[in-house]
Every structure is written in structure tokens, then in C-alpha cells.
Amino acid sequence: MNENFIIPLNGLTAGKNEFFLHAGKEFFDSFENQEIFDADLQIRVLVEKSGRYIGVDCDIEGEVTVECDRCLEMLDMPIDTQVRLTVKFGDEQASELGQDADREVIFVKEDEAELDMSQIVYDYTCLALPMQRSHGPGRCNPDAMKYYSMSESCDFFNEDQTVNPFATLKNMFK
């Protein structure tokens, strides 16, 4: 549990309450993340309380450093994502499941007085990363990229010019 990411639910005044959080390298290291090497994320959490309703709007912006899938060099990826939650008290199994319009519903036990945002920020940041992470065209490390191009001395084609990655092995035992 990251103490900086705790939102007190019991002490909130009615109306809108705003919190500002920061997630850096240490934050992702605490989750033992192997993909994010560095981070500089600003998180704005707006909590709206009205009676028993608690709505949490979280905006995550900044950059994380990941490894390029092509050249394995460090790559700064921009992050700009929003989290819209509705907090409900009680047992998840006893209550209705699903979504509250365009908001994700999370359940907090009746006796808990705080909401830990660390797992939510971590999950949504990881989900905001694209599946393929690479530099733009021509921006990868040229030393690494030379291994991606086919060498003219290698024969990757059969006699009928169809691609065969094993064609270079045909003369191995001669």
C-alpha cells in the first residue's frame, strides 16, 4: 500500500474534493514492474460526494520510459488517460455488478474509511500503453536495426522464389 495514494472517504466534505498525486520510478518499482523503467506521472483525483454517492474522476498524464520493441533502446511514451469510478459500500456479491452508465463500479467494505488509488493508477497506466512500443520510423538505434534487414549474402528463398527461412540451411552439410 502506498500511503501517498490513500483517499480518505469518511472525512470528505459534501461536494467536490481535489487531490494531486505523483507517480515516479519508485511507484512502479513497488509493484515489481519489469516493463516500466521510469515514470513521471501527474495524477489529478476529483472526488465528488453527495449523500452515499461517491464519484471518483482521475486524470493521469505524463510519461513513462519503456523498452522499444524493435531496437531495445529506452523509449518515452506519453500517457494521457482518464478513470471514472463510482464507489459503493458493501459486499460486491450482495450488490449488483457491472457498470454505472460510463463509470466502473468499485466496492469498498462498510468498515473501511479510505480508498487506495495505487492499484487503480497502476492498472490504468499499464492499460494506456500500446501493445507495440517502438520509436517512430527512422528513429530506432541504427546499430540494432541493421540486424533487421535481410543480408544479401543470405538466401531466404526457395528455387521457386517463395520465402523459406530454412533455405539458408540447405548447404549446411556439404
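Is C58 buried or exposed? C58 is buried, because its relative accessibility is 0%; buried means under 20% relative accessible area, exposed over 50% and partly exposed in between, using a 1.4 Å probe and protein chains only. This is a predicted model, in which local features need pLDDT of at least 70, side-chain atom pairs count only at pLDDT 80 or more, and totals for chains, interfaces and linings use all residues. Residues are numbered from 1 along each chain as its sequence is written, and side-chain values use heavy atoms, with hydrogens and water left out.

**Cysteines**

- C126 has 25% relative accessibility, so C126 is partly exposed.
- The structure holds zero disulfides. A disulfide is a pair of cysteine sulfur atoms within 2.5 Å.

**The nonpolar core**

- The largest nonpolar core has 38 residues. Such a core is a set of buried Ala, Val, Leu, Ile, Met, Phe, Trp, Tyr and Cys residues joined through side-chain atoms within 4.5 Å.
- I43, V45, V56, V64, L115 and M117 have the most contacts inside this core.
- At least two core residues come from each of strand 2 (15-24), helix 1, strand 3, strand 4, strand 5, strand 7 (103-108) and helix 2. Helices (H or I, at least four residues) and strands (E, at least two) are DSSP runs, numbered from the N terminus.
- In soluble globular proteins, nonpolar side chains tend to be buried together.
- V64 touches several residues beyond four places away in sequence, among them I36, L41, L75, M77 and L129. Contact means heavy atoms within 4.5 Å.

**Aromatic rings**

- The model has five aromatic pairs. Rings of Phe, Tyr and Trp (its six-membered ring) pair if their centres lie within 6.5 Å; planes under 30 degrees apart count as stacked, over 60 as edge-to-face and the rest as tilted.
- F27 and F28 form an edge-to-face pair, 5.1 Å centre to centre, with 90° between the planes.
- F27 is buried because its relative accessibility is 3%. F28 is buried too, at 0%.
- F31 and Y122 are stacked, because their ring centres are 4.2 Å apart and their planes meet at 10°.
- This pair links distant parts of the chain, 91 residues apart. F31 sits in the loop between helix 1 (25-29) and strand 3 (38-50), while Y122 belongs to helix 2 (residues 118-128).
- F31 is partly exposed, at 24% relative accessibility. Y122 is buried, with a relative accessible area of 14%.
- One aromatic cluster is formed by F5, F27, F28, F31 and Y122.

**Positive phi in two loops**

- E32 is not a glycine, yet its phi is positive, at about 55°.
- E32 lies in the loop between helix 1 and strand 3. Its relative accessibility is 67%, so E32 is exposed.
- L72 is not a glycine either, and has a positive phi of about 65°.
- L72 is in the loop between strand 4 (53-67) and strand 5. L72 counts as exposed because its relative accessibility is 54%.

- M74 is part of strand 5 (residues 74-89).
- A relative accessible area of 42% makes M74 partly exposed.
- M74 and I36 are 38 residues apart in sequence. Their C-alpha atoms are 9.9 Å apart in space.
- Leaving out residues up to four places away in sequence, M74 touches F37, T65, V66, E67 and H135.
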